[in-house]
Amino acid sequence: FHKRKFVPNNPQKYTGDITNIIMRSSWETKFAVWCDTNPSVIQWKSEEVVVPYICGTDNKIHRYYIDFQIKVKTKENLVKTYLVEIKPAKQTVPPVFPGKQTKRYLEESYAFIKNQSKWKAAKLYAKERGWEFIIITERELGL
């Protein structure tokens with residue numbers, strides 16, 4: 001999958017730079033379509049919220065571009081804001097040790113530590129603002 005531009009059918013709901021909505025996966029595209037067409041979603045934007053984080057692999061400060069920020073009207077008529085990360089479920093749990101340290105295992109471990117660092121920072125960032133950080137996998141996307 002190559003990154004591609006996304007053009008919403010309901011541009012009034014998009015609160016970021018409408019000329020530069022980039023989807024980096026088919027899963028992100030599916031979620032963007034849901035945001036664009038779901039009447040419960042009041043506003044949304046993609047990769048516009050940047051959270052600084054210290055990565056557990058190098059102890060340096062990095063910038064985490066969160067996949068989506070959405071504002072949703074609940075059934076109780078409340079407005080909730082979510083920061084949303086789209087990830088395969090496999091990447092949300094530690095990799096299984098295959099018995100020896102293979103290159104793949106080391107890469108998956110590195111990615112897991114990096115993601116955990118990002119998500120810890122995103123949860124705190126969201127909590128400080130009265131928002132919620134959630135991870136959406138293929139399960140929630142119905143894939």
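Is valine 50 buried, exposed or partly exposed? Valine 50 counts as partly exposed because its relative accessibility is 25%, where buried means under 20% relative accessible area, exposed over 50% and partly exposed in between, with a 1.4 Å probe and protein chains only.

This is a predicted model, in which local features need pLDDT of at least 70 and side-chain atom pairs count only at pLDDT 80 or more, while totals for chains, interfaces and linings use all residues. Residues are numbered from 1 along each chain as its sequence is written, and side-chain values use heavy atoms, with hydrogens and water left out.

**Overall layout**

- The protein chain has 3 helices and 8 strands; helices (H or I, at least four residues) and strands (E, at least two) are DSSP runs numbered from the N terminus.
- Read from the N terminus, the order of elements is β-β-α-β-β-β-β-β-α-β-α.
- Along the principal axes, the C-alpha atoms of the protein chain fill a box of roughly 50 × 35 × 30 Å.
- Of the 143 residues in the protein chain, 38% are buried.

**Hairpin S4-S5**

- Strand S4 (residues 50-54) pairs with strand S5 (residues 61-65) in the antiparallel sense over 5 bridges; two strands pair if DSSP finds at least two bridges between them.
- Together S4 and S5 form a hairpin with 6 residues between them, and asparagine 59 in the turn has a positive phi of about 55 degrees.
- Valine 51 has tyrosine 64 of S5 opposite.
- Valine 50, also placed in strand S4, lies 12 residues from histidine 62 along the chain, with 9.8 Å between their C-alpha atoms.

**Four-stranded sheet**

- An open sheet of 4 strands runs in the order S3-S6-S7-S8, with mixed pairing.
- Its edge strands are S3 (41-46) and S8 (132-136), each of which pairs on one side only.
- On average, neighbouring strands of this sheet are turned by 25 degrees against each other, direction ignored; axes are lines fitted to C-alpha atoms, for helices over the stretch in contact, and angles run from 0 to 180 degrees between N-to-C directions.
- S3 and strand S6 (residues 68-73) are antiparallel partners over 5 bridges, and tryptophan 44 has isoleucine 70 in S6 as its bridge partner.
- Valine 72 is placed in strand S6 and counts as buried because its relative accessibility is 12%.
- From valine 72 to threonine 92 the C-alpha to C-alpha separation is 24 Å in space, for 20 residues in sequence.

**Loop residues with positive phi**

- Glutamate 47, in the loop between S3 and S4, has a positive phi near 50 degrees and is a residue other than glycine.
- Asparagine 77, in the loop between S6 and S7, has a positive phi of about 70 degrees although it is not a glycine.
- Asparagine 77 counts as exposed, at 57% relative accessibility.

**Pockets**

- On a 1 Å grid over the protein atoms alone, a cavity is a set of points where a 1.4 Å probe fits but cannot get out, and a pocket is an open set with protein on both sides within 12 Å along at least five of seven lines; lining residues have an atom within 4 Å of a point.
- The largest pocket has a volume of about 260 Å³; grid points are joined across faces, edges and corners, and a volume is the space filled by probe spheres set on the points.
- The lining of the largest pocket comprises 14 residues, with Glu28, Asp67, Glu85, Ile86 and Lys87 nearest its centre.
- Helix H1 (26-37), S5 and strand S7 (79-86) are the elements that give two or more residues to this lining, and S5 gives the most, with 3 residues.
- The lining of the largest pocket has 5 nonpolar, 1 polar and 8 charged residues; Ala, Val, Leu, Ile, Met, Phe, Trp, Tyr, Cys and Pro count as nonpolar, Asp, Glu, Lys and Arg as charged, and the others, Gly among them, as polar.
- The second largest pocket holds about 180 Å³ of space, and the residues lining this pocket include Lys90, Gln91, Phe112 and Asn115.
- By class, the lining of the second largest pocket divides into 6 nonpolar, 2 polar and 2 charged residues.

**Cysteines**

- The count of disulfides is 0, a disulfide being a pair of cysteine sulfur atoms within 2.5 Å.
- Cysteine 35 is buried at 0% relative accessibility, and cysteine 55 is buried with a relative accessible area of 1%.
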